[in-house]
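Here is a friendly tour of one model, meant to be read with the structure open beside you. Take a look, and then let's go through it together.

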Amino acid sequence: MTPMRGATRQDGPIKVTGAAAYAADYNAAGQLYAVLVAATIPAGRVTGYATDEALAQRGVVHVLTGLPPVDEAFAALPSPPLATRFLPLQSDEVHYWGQPVAMVLAESLEAAEDAATRVRVHYEREPFIKPDTAVAVPPSTQSGYAMLDAAEFRKGDAAGALAAAPVRVESTYTQPSRHGNPMEPSAILAEWHDDRLTVHDSVQHMYAVQDTLAAAFGISSDQVRVIAPHTGGGFGTKAFVWPHEILAAMAAKAVGRPVKLVLTRQDMYSIVGYQPLMEHRVSLGADDGGALQALVHEVDNVTAVTDDYVEFGTGPARALYAVENISTSQRVRRGNVNLSSFMRSPIDGPGTWALGSAMDELAHTLSMDPLTLRLVNHADTDPSSGAPWSSKKLKEAYEEGARRFGWWERPKGGTRDGHWLIGCGMADCTQGQFRFTSKARVRLRADGTASVEAGYTDIGAGATTIFPQIAAETLGLDIHAVKGVAGDTHLPYAGPHYGSGTTLAMGTAVHGAANDVLRRLAETLSWPPEEVRAESGALVWHDRRRPYGEILHAAGVEEVVGHGEMVLPGGASADAGAPGVSTRTFGAMFVEVGVDPDLGLLRLRRATGVYSVGAVVNERTARSQMIGGLVWGWGMAAMEASHYEPQLGRWLSQDLAGVALPVNADIPPHIDMSFVDEFDPHVGPLGAKGIGELSATGIAAAVANAVFDATGRRVRHLPITPDKLLDPRM
């Protein structure tokens with residue numbers, strides 16, 4: 001690892017000292033504080049309000065019970081990035097518990113919070129649909145989420161091949177709804193100046209907010225400015241545009257004053273998205289040697305009555321193993337609940353849980369090692385299309401992971417450490433890739449400093465380090481001489497900070513912009529741009545060396561500006577990889593767990609992950625991402641669940657007091673994460689692919705497989721809590 005490849009986090013000091021400003025840290029002169037009044041029924045309509053008591057409180061300015069309709073341009077917006085077309089406060093309809101039915105505006109947050117408890121809302125109740133027991137139906141073809149993938153996929157004759165297979169396993173796996181719980185709740189400050197709107201927002205893609213707000217008000221996008229330099233975690237929760245962002249801007253326009261709305265933790269459970277409850281039905285057929293002959297994967301997921309969100313958990317079934325007969329299908333269960341959405345490692349996170357568990361069951365049925373079974377079924381090309389991989393070193397990841405973990409030497413069938421039962425498990429990791437159009441501007445100054453300018457937002461994954469690093473490496477500068485300027489839609493367009501596409505897309509744009517700077521410098525000297533190189537703050541051609549400051553002073557300018565762009569084929573704004581190849585990341589996760597047979601406690605003892613992700617831009621931040629993903633996956637496997645209360649029709653727990661999340665004490669110090677040496681020539685000049693979501697795939701299956709190894713109990717319903725480990729029926 002070179003010093004640059006291991007560059008430390010450039011945003012570390014401002015974050016640990018509290019200097020980094022987030023959406024809720026901003027204030028505007030004359031602002032009002034908004035607090036939402038939430039519906040206390042899951043279905044029905046509002047019949048009236050009593051607001052006098054709330055309005056009588058000191059500092060309360062308005063109680064809004066309705067807002068103007070959106071412009072007709074709103075209906076033409078794609079979804080995503082628009083989360084839902086249903087906007088509260090536009091009618092008297094109530095579709096879920098917690099839906100905003102009024103908004104209190106006051107001179108202080110305390111006054112607004114107090115007044116919100118004094119607003120009396122009268123309802124006409126209607127029967128509500130419990131989402132987890134609703135009938136599973138095909139998703140609407142009108143849903144933007146449904147159009148992201150195919151609800152049905154067929155290759156060969158899966159049903160016939162399954163019936164004829166000598167060895168079969170068929171099981172159902174479930175996972176509950178879970179909320180993302182980013183450290184920073186969603187927040188927005190909306191301020192109008194005549195017909196121009198400025199918002200400070202907690203988001204993962206500012207330009208989606210810009211376009212959505214412009215459409216909602218029937219104005220042009222350049223009349224909306226979005227500012228979001230730092231976002232305190234997103235996990236998909238802030239990937240799309242949610243109703244509270246539109247409502248805050250509407251309220252500010254309606255009352256003629258800036259409005260600041262910071263969602264409470266309870267609001268985060270009912271206003272923004274979450275990973276939906278899913279049921280997977282997986283059937284595998286194989287010959288006696290373990291070669292798969294059929295794979296069937298059917299998935300149902302919970303969604304709202306207002307919109308369809310489809311969690312395509314069948315993705316890995318079409319991508320991981322060499323099998324000629326594949327059948328996958330997606331259904332939704334519509335109920336009175338707020339809309340679900342993407343959450344970290346969508347599609348492949350849920351999919352690898354079910355498929356990785358089923359493969360382990362097949363291995364034990366065959367009396368075959370689970371890793372050997374995967375090697376037998378390694379897919380040398382994309383199983384669904386037959387296309388070659390843009391790059392893939394999964395076999396190398398298997399080999400290195402098994403070596404580092406000691407997989408082949410482990411005791412099989414579990415051992416004991418005192419009263420603890422010890423078991424080992426493994427599973428595959430994979431994640432699809434997205435590329436997004438992105439632009440960047442690089443300024444090189446005569447004093448040897450530079451800046452990278454683009455409208456990305458920092459959500460904590462390392463963007464504030466990686467992009468200055470790429471520019472510094474290209475220009476031959478120390479990383480501390482390069483500053484990142486981001487978080488504003490006035491800057492060059494940046495693609496979204498989700499879909500594992502940020503480093504790939506923005507990195508390509510930054511690399512191009514820095515090279516454009518070198519080209520302009522070379523032309524100033526009449527040197528051939530294709531022959532020059534950057535070195536220690538100077539341009540070098542053969543034996544000639546000219547410091548940047550000297551070049552700029554001779555040209556009579558203080559800076560030179562370069563421009564770069566990630567351009568996709570056909571002018572697309574996004575794609576899933578270069579034409580003619582399939583692009584994915586891969587990896588293998590090995591874990592050792594301990595189970596207390598008397599108390600049902602489950603503990604992670606050690607974990608090894610090895611990944612095939614193309615080139616690694618910064619090994620320090622990349623490893624940090626993988627460790628974070630492991631923690632995320634452990635929460636999915638062993639702790640997290642958002643339960644729907646069937647009598648009240650609401651989330652049972654709507655804050656962190658009633659939802660278990662992993663903490664430092666849950667994660668052992670021995671977390672071994674590494675990468676195979678790889679360069680993907682198809683994704684861009686950096687050869688790098690996204691890793692942030694890959695890191696959370698495969699872990700739940702590996703943990704469940706390790707639990708089986710330790711106890712002989714096959715847990716098919718997440719999370720693996722003590723009740724499941726103590727239930728005598730299992």
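## Strand β32

Which residues point one way from β32, and which the other way? Ile671, Met673 and Phe675 share one direction, Asp672 and Ser674 take the other, and all are buried. In a regular strand, side chains alternate between the two faces of the sheet.

The strand spans residues 671-675, and five of its five residues are buried (under 20% relative accessible area with a 1.4 Å probe, protein chains only; over 50% is exposed, in between partly exposed). Strands here are DSSP runs of E of at least two residues, numbered from the N terminus. Its partner is β29 (residues 601-612), paired in the parallel sense over five bridges; pairing needs at least two DSSP bridges. Across from Phe675 stands Tyr611.

## Cysteines

The disulfide count comes to zero, with a disulfide taken as two cysteine sulfur atoms within 2.5 Å. Cys424 is in none, and the nearest cysteine sulfur, that of Cys429, is 16 Å away. That is too far for a bond. Cys424 is buried, at 9% relative accessible area, and Cys429 is buried at 0%.

## About the model

This is a predicted model, in which local features need pLDDT of at least 70 and side-chain atom pairs pLDDT 80 or more, while totals for chains, interfaces and linings use all residues. Residues are numbered from 1 along each chain as its sequence is written, and side-chain values use heavy atoms, leaving out hydrogens and water.

Note on methods. Helix = DSSP H or I, 4+ residues; strand = E, 2+ residues; numbered from the N terminus.
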